[in-house]
Structure formats: C-alpha cells, structure tokens
Amino acid sequence: MPKNKGKGGKNRKRGKNEADDEKRELVFKEDGQEYAQVLRMLGNGRCEAMCIDGSKRLCHIRGKMHKKVWIASGDIILVGLRDYQDDKADVILKYMPDEARLLKAYSELPDNIRLNEGIAGGIDDDDDGAADDYIEFEDEDIDKI
C-alpha cells in the first residue's frame with residue numbers, strides 16, 4: 001500500500017474559492033486588449049465572443065482561469081488580442097456583474113450591451129418590434145371558426 005504524501009484529495013481542492021468574495025480593483029483595458037461579451041461556450045477551454053469593436057472572435061481561456069473561474073454566455077470579459085491572428089483572442093479576465101455595471105457607467109462599454117441577460121442579446125439593439133408578435137382576436141372571430 002502506498003503512503004499518501006499529499007495534503008488531501010479532491011475534496012480539499014474543491015473547497016478553494018479564496019478571492020471571490022473580496023472587492024478587487026477594477027481593471028480597464030490597455031493596448032492590445034478589448035472588452036467582449038461571451039456569445040456561447042464551445043468546450044475545450046474555448047468560447048465565442050463578440051468584441052466591442054464589432055468583430056466576433058474565438059477566445060481561448062487561459063490556464064490560470066481554466067476550471068477556476070466559470071464563464072457563461074452573456075458574461076463581460078477582457079480579452080487580449082493576438083498580433084498574428086485577428087480572429088482569435090485570449091481571455092484575460094472575467095468581470096463580475098457589479099464590475100460590468102461600473103464599466104458601463106464609466107462609458108467603457110457601449111449603451112447597447114445588455115448585462116445580466118445571458119445570451120438573449122449582446123450588441124443588437126433592434127428589439128422594437130417584439131410587441132407586435134401577437135394577434136388579437138375578438139369573440140365574434142373565434143365563433144366563426
């Protein structure tokens with residue numbers, strides 16, 4: 001029988017959620033970085049995101065965040081752009097919902113981005129005709145059928 005040389009098993013690793021509750025400093029974008037909203041998760045540490053500059057990019061979640069920071073569709077992330085591949089990027093940071101609201105308040109994010117709505121809509125702002133999707137019948141019309 002081998003001796004256990006570690007400090008515990010997977011249940012010890014599962015309990016680590018250290019810096020999530022603490023307030024952290026708001027990180028703004030720098031050169032070669034861009035804000036994006038996750039459109040859908042693709043698996044294998046990858047996601048598809050719509051960047052603020054209007055291009056859709058395939059994003060790779062970096063190893064430090066992989067299986068530690070959970071990213072879902074609709075989240076606001078900070079991506080590092082690649083010099084040699086314009087259609088790919090690397091996820092640097094995931095913003096918490098309150099941080100995303102602060103970014104919107106500081107005018108870092110455009111007004112047409114919807115927060116806290118999941119994949120329902122990212123950068124599209126043409127939902128004006130949603131109220132006209134139903135037809136109203138009167139009682140007389142139903143009796144004729």
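The model is a predicted one.

The chain contains three helices and five strands. Read from the N terminus, the elements follow the order α-β-β-β-β-β-α-α. The chain has 145 residues, of which 28% are buried. Its exposed surface comes to about 11,200 Å². Carbon and sulfur atoms supply 47% of that surface. Among contacts with a separation of 6 or more, 51% link residues 24 or more positions apart.

Aromatic rings were examined next. Two aromatic pairs were found, with ring centres required to lie within 6.5 Å. One of them joins Phe-28 and Tyr-106 in a tilted arrangement. Phe-28 belongs to the loop between α1 (10-14) and β1 (33-43), and Tyr-106 to the loop between α2 (97-105) and α3 (139-144). The pair therefore ties together parts that are 78 residues apart in sequence.

Tyr-35 and Tyr-95 form a pair as well. Their ring centres lie 6.0 Å apart and their planes stand at 50°, so this pair is tilted. The angle rules out the other two classes, because stacked planes are under 30 degrees apart and edge-to-face planes over 60. Tyr-35 sits in strand β1, whereas Tyr-95 is in the loop between β5 (88-94) and α2. This pair thus ties together parts that are 60 residues apart in sequence. Tyr-35 is buried, at a relative accessible area of 0%. Tyr-95 is also buried, at 3%.

Helix α2 was then considered. Which residues of α2 are buried? They are Glu-99, Ala-100 and Leu-103. These residues lie on the same side of α2, because they cover an arc of only 100° around the axis. What do the buried residues of α2 pack against? Their partners are the strands β1, β4 (76-81) and β5. Strand β1 also holds Tyr-35 of the tyrosine pair. After α2 comes Ser-107. The phi of Ser-107 is positive, near 65°.

Technical notes
Residues numbered from 1 in each chain as written. Predicted model: local features only at pLDDT ≥ 70, side-chain atom pairs only at ≥ 80, totals over all residues. Heavy atoms only, no water. Helix = DSSP H or I, 4+ residues; strand = E, 2+ residues; numbered from the N terminus. Buried < 20%, exposed > 50% of the residue type's maximum accessible area, 1.4 Å probe, protein only. Arc of directions from axis to C-beta. Contact = heavy atoms within 4.5 Å. Areas by Shrake-Rupley, 256 points an atom, 1.4 Å probe, with all protein chains shown as cover.
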